[in-house]
Amino acid sequence: GMPNTSGLVNRRNVIATSDATVVSRLKQAGAIPLGVTNCSELCMWFESSNRVYGRTNTPYDLQRIVGGSSGGFLGAACSVIGVGSDIGGSIRMPAFFNGVFGHKPTTGVVPNDGQFPNARGVRTSFLCTGPMCRYAEDLEPMLRVMAGPGVNKLKLNEKVSLEKIKFHCMDHDGGSIFVSPVDKEILQAQKKVVEHLESELGVQVQHVAIHKMKYSFQIWSAMMSSKDSDGQEAQLFTELLGDHGNLVWPLWELMKWLVGMSSHTLPAIALGLTEKVMKLSPGVNAKLVSMGKSLREEMEALLGPDGVLLYPSHPTVAPRHHSPICMPFNFAYTAIFNVLGLPVTQCPLGLSSEGLP
């Protein structure tokens, strides 16, 4: 009964006829659905703005973005819990920009059934559905309900001694030319976390520098467009843009956009154009996919069964509207963990000097 547009003008009249699996499970557990929040066009950009509903603002500053898919509803205290999906950071970035908790589970724990767009091919290993919460204590019970039988893949019933956890800390990605430097206030907030852990738990937080993280955006892009183990191609973004309509030609849409005639947003058109370029460079993609697999092995060896890595959710606080176009790859800080298949929890660390999470 809820709109299921995914921010696409051609889907503006599409109404969901059934509940997604996670929604059904939450309703059975007593949750009361309040609504569906705004998103970017086809959920593939980190500013929630589209030609169906317009744009969403963070409640902390109406001149700034709310994030890619959700979060403002929780940040504005309209609800205590919410459901998000995440293939590049759409749970964690909105949670970060709005000062709430967001958890991207391990791949395969929570079902993605019932959302649009859903993943196909290799991307089924990268897309995760997870909880967003105003309070940390709600994350675990909500994850249990959403996961259903999948929760048995985790060890949530085992007691954890924080003093025995191996904590690692990495301040930034190593200096990618495509990504903004991490704000000093974010670095300072993470430093306080390290100091707190060391003083309260008596642990030694190890500072690490993982060289391949510098290529996070390139690795994510290559792995997103790679074939799966059965040789199936990843679904083209331009196919999704044409849902409930005609085939979309990104270059033609760009021309129309320049004269105000396109029904698509500039980020969506740009993504379609980028996809074409990626198709023309299979050799480069293969090397980056190989680098991604190597990075996954390196990360698993570092963390083992009892390791935690502290790492910024984003290099800046919530950006002003439209400014992500100038630095479009900052989402790499969250996206890399989708292709690595690791669980990540975004935790709020207070407010900046400007009063932003």
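This briefing covers the nonpolar cores, a strand sheet, salt bridges, a surface patch and some backbone features of one structure.

The model is predicted: local features need pLDDT of at least 70, side-chain atom pairs count only at pLDDT 80 or more, and totals for chains, interfaces and linings use all residues. Residues are numbered from 1 along each chain as its sequence is written, and side-chain values use heavy atoms, with hydrogens and water left out. Helices (H or I, at least four residues) and strands (E, at least two) are DSSP runs, numbered from the N terminus. Buried means under 20% relative accessible area, exposed over 50%, and partly exposed in between (1.4 Å probe, protein chains only).

**Nonpolar cores**

- A nonpolar core is a set of buried Ala, Val, Leu, Ile, Met, Phe, Trp, Tyr and Cys residues joined through side-chain atoms within 4.5 Å.
- The largest nonpolar core has 41 residues, and those that touch the most other members are M213, L295, M299, L309, I336 and F337.
- Two or more residues of this core come from each of α3 (92–97), α6 (216–224), α10 (282–303) and α11 (332–340).
- The greatest share comes from α11, which gives 7 residues.
- M213 is in contact (heavy atoms within 4.5 Å) with M170, D173, L295, M299, Y311, I336 and F337, leaving aside its neighbours within four places in sequence.
- Another core lies apart from the largest one; it has 13 residues, including L26, V109, L143 and M146.

**Helix α11**

- Because 9 of the 9 residues of α11 are buried, this helix is largely enclosed by the rest of the structure.
- The buried residues of α11 are A332, Y333, T334, A335, I336, F337, N338, V339 and L340.
- G341 follows α11 and has a positive phi, near 75 degrees.

**The sheet**

- An open sheet is formed by 3 strands in the order β9-β8-β10, with parallel pairing.
- Two strands pair if DSSP finds at least two bridges between them.
- The edge strands, each pairing on one side only, are β9 (206–207) and β10 (307–310).
- β8 (residues 166–169) pairs with β9 in the parallel sense over 2 bridges.
- Opposite H207 in β9 stands C169.

**Salt bridges**

- A salt bridge is a side-chain nitrogen of Lys or Arg within 4 Å of a carboxyl oxygen of Asp or Glu, and the count by this rule comes to 9.
- R11 and D243 meet through their side chains in a salt bridge (2.8 Å, N to O).
- R11 lies in the segment before α1 (21–28) and D243 in the loop between α7 and α8, so this pair ties together parts that are 232 residues apart in sequence.
- R11 counts as buried, at 5% relative accessibility.
- K212 and E298 form a salt bridge in which the closest N and O atoms are 3.2 Å apart.
- K212 is in the loop between β9 and α6 and E298 in helix α10, so the pair ties together parts that are 86 residues apart in sequence.
- E298 is partly exposed, with a relative accessible area of 31%.
- Another salt bridge joins the side chains of E253 and K256 (3.0 Å, N to O).
- Both E253 and K256 lie in helix α8, 3 residues apart, about one turn of the helix.
- E253 is buried, with a relative accessible area of 7%, whereas K256 is partly exposed at 22%.
- A network of salt bridges links D61, R64 and E354.

**Around α7 and α8**

- L247, W249, L251, W252 and M255 make a nonpolar surface patch of about 640 Å².
- W249 lies in the loop between α7 (237–241) and α8 (250–258) and is exposed, with a relative accessible area of 55%.
- Patches are made of residues with over 30% relative accessible area and no salt bridge: like charges are joined within 9 Å, nonpolar side chains (Val, Leu, Ile, Met, Phe, Trp, Tyr) within 5 Å.
- Accessible areas come from the Shrake-Rupley method with a 1.4 Å probe; for residues, only the protein chains shown count as cover.
- T238 lies in helix α7 and counts as buried at 4% relative accessibility.
- Leaving aside its neighbours within four places in sequence, T238 is in contact with V248, P250, G272 and E275.

**Backbone features**

- Most residues other than glycine have a negative phi, and most peptide bonds are trans.
- The peptide bond from F116 to P117 is cis, with omega near -5 degrees.
- P117 lies in the loop between β6 (101–104) and β7 (128–133).
- S6, in the segment before α1, has a positive phi near 55 degrees and is buried, with a relative accessible area of 6%.
- H322, in the loop between β10 and α11, is not a glycine but has a positive phi of about 75 degrees.
- H322 is exposed, with a relative accessible area of 55%.
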